[in-house]
Every structure is written in structure tokens, then in C-alpha cells.
Amino acid sequence: MKTAKKFCAARSGQLLIVAAFAIAVLIASTSIYVCELITQRQNVEDGFSVELVLAVKTGLRNAAVSALANIAHGGQKTVLTENLDALADTYMRLYPQQICQIRYTLLNDDGYEDGIKLSWNDYGGLGVSSTYIPYILKVLAPTFNLTVNDAINITTTLKVHGFYTIGENETLRTVNLTCTVFNEKKPAQAKYIAIHYEDDSGVWIPVNNPSITDWGNGTYSLRFTVAVASDFVHVSVHVIDARNIFVAANVTCSQAG
Amino acid sequence: MKEWNSGQIRIIEAFLAIFIIFSAVAISANLPAKSQNPANNNLASIGMQALLQLDSDGSLSAYIAAGNRSGLREALNLLLPAGVAFNLTVYDAQMRRIVMETVSNGDFSSQEVTLVKYVCTSRSPEFRCYVIYLYLAVAK
């Protein structure tokens with residue numbers, strides 16, 4: 001007993017160091033484990049949430065493009081809500097635990113009606129087909145919630161301006177037009193271009209075989225000849241862009257000065 | 001004199017013990033985040049990004065609507081890293097399998113398979129919603 005006491009008294013410093021080592025190892029291993037667990041979990045959840053948000057945004061955008069293409073070709077305006085609801089339902093079905101919620105509102109302001117704006121009848125040479133949908137997207141993960149406030153803006157704009165010249169035959173007028181197509185204010189390609197002019201009786205006549213020059217930057221030069229007697233030539237240009245969205249713009253051409 | 005020396009040694013030993021514990025705390029607090037194994041943990045992310053890229057211009061739904069399996073396979077082969085095997089199945093919004101056969105690049109022998117679920121919508125005036133199941137594995 002005495003020997004053990006003596007040993008403890010003599011070696012208490014070394015025992016202290018051994019105990020310190022044991023505590024250090026415990027602290028280090030616990031820290032490493034917790035650090036690794038947090039990193040893995042956060043990486044997986046963050047990555048999943050960000051990509052899910054991007055996927056939903058892309059889906060909403062495509063659904064809006066589809067709806068605008070349909071409506072601009074004469075479809076019902078309810079197509080927009082049908083498309084968006086179908087997408088939201090599919091996400092609800094895919095994630096039944098309500099991990100992803102989409103709520104949208106349809107704009108009824110600034111020329112928009114139920115989220116859609118079709119402005120084709122202005123004679124100033126500007127035509128607009130547009131949809132604007134503000135939405136709230138909620139991603140509910142086990143450790144955090146993510147809320148995204150954003151809006152979808154799909155707008156195809158057509159700008160037309162031009163003039164006509166009179167040749168030797170005074171009844172024939174050569175009309176020169178410049179058209180520019182924009183998708184969300186960026187130059188875009190047209191898939192189809194058709195031109196109509198208003199004859200002296202007020203009937204819109206399609207122009208056959210106009211000369212079309214594509215400048216490759218969303219700008220097109222159009223040239224055709226018409227037989228009208230009035231001082232002004234009313235022209236309507238119809239364009240379908242690469243996304244299948246129809247837009248029309250009317251312009252009144254006067255004689256080149 | 002001897003007792004005085006042993007007292008000093010005790011103090012040094014105590015300081016040494018405190019130093020060991022504090023250094024353990026200091027080192028573990030500054031542990032760098034362990035890098036993930038890209039082959040396994042990032043496979044879902046890579047698959048999702050490939051589908052997102054294909055869907056951003058509407059070509060993913062165009063391939064499906066046209067039943068263009070070879071085009072879709074080629075596009076995924078280009079977007080996914082070499083050595084990643086994939087198997088893609090398409091369902092409609094009601095989770096009924098679309099007639100299009102499974103799109104795959106063949107070798108799918110790995111035991112560690114990652115599933116990516118993706119909802120794809122068409123841009124055509126006739127709206128379609130597709131659910132895509134993309135199974136990915138590192139080819140061995």
C-alpha cells in the first residue's frame with residue numbers, strides 16, 4: 001500500500017501527461033468527426049437545394065415559353081396557368097413530403113392581362129408578345145428553408161421601320177423595311193417572316209417572295225414592290241422567333257425624302 | 001533543495017499537460033474541410049448539371065418528344081465526364097413510362113449507383129411535362 005502511494009506520488013507528473021494525451025486525443029477525434037459530418041451534410045443539402053432551384057426556374061421558364069407560344073398563336077389565356085400548375089403538380093408528386101413549393105401571381109398591370117401582353121396593333125412599328133410572372137419558390141430541407149422571390153420574363157419584341165420609293169411606273173412602290181427581333185431585349189433570330197400590305201380597298205394582301213436579307217444580329221432588311229395609289233403604304237410584318245413565339249408589328253411607310 | 005526541485009518539475013509537467021490539451025483544441029479547430037470524393041459524392045450534381053444544361057435551351061424535351069434516343073445519348077456522353085455510365089428513363093407527369101426505350105451508354109456494372117430525378121418541360125406550344133430518372137455510376 002505504501003509502495004503504491006509512493007509510486008503515485010513519484011509518478012503523478014507522468015500520469016498527468018498521459019491523461020492530458022488521452023484528453024487531447026478525445027478532443028481531436030470528436031472534432032474531426034463532427035467537422036466531417038457537418039461538411040458532408042451541408043455539401044449534399046446545399047448542392048441539392050441550389051440545383052433544385054435552378055431546375056424549377058428552368059422548368060417555369062420553359063412552361064412560360066410554351067404558354068406564350070400557344071397564346072400568341074390564338075390559344076386560350078388559361079394555358080399559362082394550366083402549364084404552371086402542371087409543373088407544380090409534377091414537383092408535388094415527385095416530392096410528396098412538400099420539399100418544393102411554387103406560388104405564382106399573374107400580372108394585371110402595365111398592359112398585362114392575366115400575365116400576358118400581346119401588343120400588335122400599334123402603327124408605330126412596335127410589336128410585343130410577352131409574359132411576366134412573379135413567383136415565390138420555397139425549398140424545405142431538413143436543416144434549413146430556402147425562399148426564392150423571382151419573376152419569369154419572356155418577351156419577344158419586333159421593331160419595324162421603313163419607307164417606299166417610286167420608280168418609273170408611278171403606281172408601283174418599292175418598300176424597304178428594317179426589322180429587328182429581340183428576346184428579352186437581346187437580338188434574336190426569326191424562324192419565319194411574313195409581310196402584308198393594305199391595298200387601296202383596305203384589304204390586307206400577303207406579299208409574295210419579298211427579298212429578305214438576314215444580317216445575323218436579329219436585324220432583317222425586307223424589300224418588295226406593291227401597286228397602291230395612296231401616299232402612305234400600311235405594312236404589317238409577322239414574325240415567329242426561334243422559340244415559336246408569334247409577334248406582329250404594323251408600320252406606315254411614307255415616300256423617302 | 002530536492003523538494004524544491006521536484007516542485008519545479010511538477011509545475012513544468014502541469015504546463016506540459018496544459019500545452020498538450022490546448023494544442024489539441026487549436027489543431028482540431030483549424031481542421032480543413034475534407035475534400036469530397038468527386039467520383040461518388042458529386043455524381044448526382046454532375047448529372048443534374050448535365051440535364052440542366054440540356055434543358056436550358058429546350059433541347060432535352062425536343063429529344064424526348066422526337067424519340068431521338070441516339071441524339072440524347074450523344075448529348076449526355078458529351079456533357080458527362082468520361083468513365084461515367086448512365087441509364088436514363090423517361091416518365092410522363094402521371095409517372096407512366098414513355099414508350100421511348102431506356103437511354104444508356106452500355107457499361108453499368110458498378111455497385112454504387114446514384115439517382116437523379118429531374119422534371120423537364122417542353123417549350124413547344126403543346127405543353128408536355130416529363131419526369132426523368134437518370135441513374136449514374138462510375139464505370140469500373
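Author: What follows sets each label against its definition.

Author: This is a predicted model, where local features need pLDDT of at least 70, side-chain atom pairs count only at pLDDT 80 or more, and totals for chains, interfaces and linings use all residues. Residues are numbered from 1 along each chain as its sequence is written, while chains are lettered from A and ligands numbered from 1 in the order in which they are written.

Reader: What makes a helix or a strand here, and how many does chain A have?

Author: Helices are DSSP runs of H or I with at least four residues; strands are runs of E with at least two, and both are numbered from the N terminus. On that basis chain A comes to two helices and twelve strands. Their order from the N terminus is α-α-β-β-β-β-β-β-β-β-β-β-β-β. Chain B has four helices and four strands, running α-α-α-α-β-β-β-β from the N terminus.

Reader: Why is A:Ser236 called buried?

Author: A residue is buried if 20 or more other C-beta atoms lie within 10 Å of its own, exposed if 12 or fewer, and partly exposed in between, with C-beta atoms placed from the backbone. A:Ser236 has 21 C-beta neighbours inside 10 Å, so A:Ser236 counts as buried. A:Ser236 lies in strand β11 (residues 233-241) of chain A. Of the 257 residues of chain A, 29% are buried. For the 140 residues of chain B, the figure is 28%.

Reader: Which residues does A:Ser236 contact, leaving aside neighbours within four places in sequence?

Author: They are A:His196, A:Trp204, A:Ala248 and A:Asn250. Contact means that the C-beta atoms, placed from the backbone, lie within 7 Å. A C-alpha separation is also on hand: 5.7 Å between A:Ser236 and A:Ala249, which are 13 residues apart along the chain.

Reader: What is the phi of each?

Author: Phi of A:Asp114 is near 55 degrees, a positive value in a residue other than glycine. A:Asn209 is not a glycine either, and has a positive phi of about 50 degrees. Most residues other than glycine have a negative phi.

Reader: How do you know that the buried residues of α2(A) share a side?

Author: The buried residues are A:Leu80, A:Asn83, A:Leu84, A:Leu87, A:Ala88, A:Thr90 and A:Tyr91. They cover an arc of only 155 degrees around the axis, so they are on the same side of α2(A). The arc is that of the directions from the helix axis to the C-beta atoms.

Reader: What makes the span of α2(A) close to the expected one?

Author: The expected span is 1.5 Å times one less than the number of residues. α2(A) has 17 residues and reaches 24 Å from first C-alpha to last, close to the 24 Å expected. In chain B, helix α2 (residues 43-56) has 14 residues and reaches 20 Å, close to the 20 Å expected.

Reader: Why do the buried residues of α2(B) line one face?

Author: Among them are B:Leu43, B:Met48, B:Leu51 and B:Leu54. Seen down the axis, the buried residues of α2(B) fall within an arc of 160 degrees, so they line one face.

Reader: What makes a nonpolar core, and which residues have the most contacts inside the largest?

Author: A nonpolar core is a set of buried Ala, Val, Leu, Ile, Met, Phe, Trp, Tyr and Cys residues joined through C-beta atoms within 7 Å. The largest has 76 residues; those with the most contacts inside include A:Leu68, A:Val235, B:Leu51 and B:Tyr118. α1(A) gives the most to this core, with twelve residues. A second, separate core of five residues includes A:Ala24 and B:Ala17.

Reader: How many residues of chain A are in contact with chain B?

Author: 38 residues of chain A are in contact with 35 residues of chain B. The largest share of the chain A side, 27 residues, comes from α1(A).

How values were computed. Two residues are in contact if their C-beta atoms, placed from the backbone, lie within 7 Å.
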